[in-house]
Amino acid sequence: MANRSKLKNSKTFPPTALVVVAVLLWSTGGLFIKMTSLDAFSVNLGRSLFAAIIVAIFTFKKGLRLDKFTILSSLLYAGTLTCFVYANKNTTAANAIFLQYTAPVYILILAPFILKERFRMTDLIAVVICIAGMSFFFLEPQDSANKLAGNVFAGNISALFSGLFLGLYFLLLRHPKSLRQNPALSVFYGNLIIVLLMIPFLISKPPDEINSKDLIAIIYLGVFQIGVAYILFTKGVAEGVRSLDASIIGFIEPLLNPVWVLIFVGETPSKWALIGGAIIVAAIISHTVIQSRYKNSLR
């Protein structure tokens, strides 16, 4: 029996590896959004349609029951994805992902009001540093921001809203009333909401054509970058990956996202984006480690 158990464990994919693969898949979002010639509305609808199917297959046995917390968290999740796609279509991938990763700033600010958590001096320092980092993204002249066809300023604002929605989404998931809910429901219904909201936009302005490259990109984004990545991440955490480890591994996404786009699309992040992104990532990683050590010292 012992030998069988050891053999079984040896074939099990390590939980940490599951989380790493999930984050690597997430990091390719900017690349595949950039690779398709379709507009933000078409990409948003197509990606979410395939993602909803994959997540539904994964979670339907646990039930698809709706309640007010699931509806609200689904709307926030939908807002996160929608703003992120729009941001990637109008500003650089680096700006989009780094500004989305300001989500912990909103969590720190709002947690005392929503979750009644104590606001500490380390929280204030992290918030101030991250806000300083955000400012760098708006220093580059609009006409030189990688010569993007879209509205760079609007893209940056959309990325900020993506971070805000993401922060609120995580706060809601941590609320005592939603801890017993299946978190996959908000992912499923969030993607479904996007599909329903995007349909009128596509009816009013359908794409001129959808080539094989567009179709491959959208299928990949929905099936792998959202659906499979979510399944792998939740499985890894459920099998024992610590929250701190998962959080730190998660920072692979903003670091690699602009790299993939640079290599395969040729989009170069501005020096201001690199400075601001480095400040934000360093501040949040440091705060995460400090908070973890503080909690451990109380045990």
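**Val-228 and beyond**

Analyst: Start with the contacts (heavy atoms within 4.5 Å) of Val-228. Setting aside neighbours up to four places away in sequence, Val-228 touches Leu-25, Ile-54 and Val-223. This is a predicted model, in which local features need pLDDT of at least 70 and side-chain atom pairs count only at pLDDT 80 or more, while totals for chains, interfaces and linings use all residues. Residues are numbered from 1 along each chain as its sequence is written, and side-chain values use heavy atoms, without hydrogens or water.

Val-228 sits in helix H11, residues 212–238. A helix here is a DSSP run of H or I, at least four residues, numbered from the N terminus. Val-21 is 207 residues from Val-228 in sequence, yet their C-alpha atoms are 9.7 Å apart. Is Val-228 buried, partly exposed or exposed? Buried means under 20% relative accessible area, exposed over 50%, and partly exposed in between, with a 1.4 Å probe and protein chains only. Val-228 has 24% relative accessibility, so it is partly exposed.

Next come the salt bridges. Each one needs a side-chain nitrogen of Lys or Arg within 4 Å of a carboxyl oxygen of Asp or Glu. The count is four. One of them joins Arg-174 to Glu-117, at 2.4 Å from N to O. That pair ties distant parts of the chain together, 57 residues apart. Arg-174 is in helix H9 (residues 152–174), and Glu-117 is in the loop between helix H7 (103–114) and helix H8 (121–135). Arg-174 is partly exposed at 37%. Glu-117 is partly exposed too, at 34%.

Lys-235 also forms a salt bridge, with Glu-239, at 2.8 Å from N to O. Lys-235 has a relative accessible area of 42% and so counts as partly exposed. Glu-239 is partly exposed at 35%. Another bridge pairs Asp-245 with Arg-242, with the closest N and O atoms 2.9 Å apart. Asp-245 is partly exposed at 29%, and Arg-242 at 46%.

Finish at helix H13, residues 252–264. Its buried residues are Glu-253, Pro-254, Asn-257, Pro-258 and Val-261. They lie on the same side of H13 because they cover an arc of only 120° around the axis. The arc is taken from the directions from the helix axis to the C-beta atoms. An α-helix has 3.6 residues a turn, so residues three or four places apart point the same way. Ile-263 and Phe-264 are exposed on the other side of H13. After H13 comes Gly-266, with a positive phi near 85°.

Methods. Helix = DSSP H or I, 4+ residues; strand = E, 2+ residues; numbered from the N terminus. Expected span 1.5 Å × (residues − 1).
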